[in-house]
Amino acid sequence: MESMITKVLLSLLVPGLLVILFTRVTFNHIVGLILTVALIAAAVYAGYTNTWFLYIINAASLTAGFWYATNMYNRSKKADIHEDE
């Protein structure tokens, strides 16, 4: 049971944080999302995520992380535009 609780907590946090991290590193929120989805797909293929419940939690975390990364990306673009004026 402890293993499932750990998987749920990590599924809530890690995908969203990875999208944000990859967005910061690549300066593009779409690339950050694609890299994160690729990592999660590799984890699913390796057998670390094996229930539909964890798939849904991963998707929700990805969505929240992508939303935040998109807002962060748009704020930085807007700041660059105003900086050039």
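This is a conversation about how some residues and features of the structure above get their labels.

Modeller: A word on the ground rules: this is a predicted model, where local features need pLDDT of at least 70, side-chain atom pairs count only at pLDDT 80 or more, and totals for chains, interfaces and linings use all residues. Residues are numbered from 1 along each chain as its sequence is written, and side-chain values use heavy atoms, with hydrogens and water left out.

Colleague: Thanks! Why is Asn58 called buried?

Modeller: Buried means under 20% relative accessible area, exposed over 50%, and partly exposed in between (1.4 Å probe, protein chains only). Asn58 has 7%, so it counts as buried. Asn58 sits in helix α3, residues 52-84; helices are DSSP runs of H or I with at least four residues, strands are runs of E with at least two, and both are numbered from the N terminus.

Colleague: And what does Asn58 touch?

Modeller: Contact means heavy atoms within 4.5 Å. Not counting residues up to four places away in sequence, Asn58 touches Ser11, Pro15, Ile40 and Thr49.

Colleague: What makes Ser61 buried or exposed?

Modeller: Ser61 has 6% relative accessibility, so it is buried. Ser61 also belongs to helix α3, and with residues up to four places away set aside, it touches Ser11, Leu12, Leu13, Pro15 and Gly16.

Colleague: Which label does Thr23 get?

Modeller: Thr23 is buried, because its relative accessible area is 4%. Thr23 lies in helix α1, and beyond its neighbours within four places in sequence it is in contact with Asn28, His29, Gly32, Ala69 and Met72.

Colleague: Why does Lys7 count as partly exposed?

Modeller: Its relative accessibility is 27%, so Lys7 falls in the partly exposed class. Lys7 is placed in helix α1, and its contacts, leaving aside neighbours within four places, are Tyr48, Asn50 and Leu54. Lys7 and Leu54 are 47 residues apart along the chain, with their C-alpha atoms separated by 7.6 Å.

Colleague: How many aromatic pairs are there?

Modeller: Rings of Phe, Tyr and Trp (its six-membered ring) pair if their centres lie within 6.5 Å; planes under 30 degrees apart count as stacked, over 60 as edge-to-face and the rest as tilted. By this rule there is one aromatic pair. The ring centres of Trp52 and Tyr55 are 5.1 Å apart and their planes are at 90 degrees, so the pair is edge-to-face. Both residues are in helix α3, three residues apart, about one turn of the helix.

Colleague: What makes the phi of Phe27 stand out?

Modeller: Phe27 has a positive phi of about 60 degrees although it is not a glycine. Most residues other than glycine have a negative phi. Phe27 is in the loop between α1 and α2 (29-46), and it is called exposed because its relative accessibility is 65%.

Colleague: Where does UniProt place the "transmembrane region" feature?

Modeller: The unreviewed UniProt entry gives residues 6-23, 30-46 and 52-69. UniProt positions are given in the numbering used here, feature names are shortened, and annotations may be inferred rather than shown by experiment. In the model, residues 30-46 are 100% helix and 0% strand, with end C-alpha atoms 24 Å apart. Residues 52-69 are likewise 100% helix and 0% strand, and their end C-alpha atoms are 25 Å apart.
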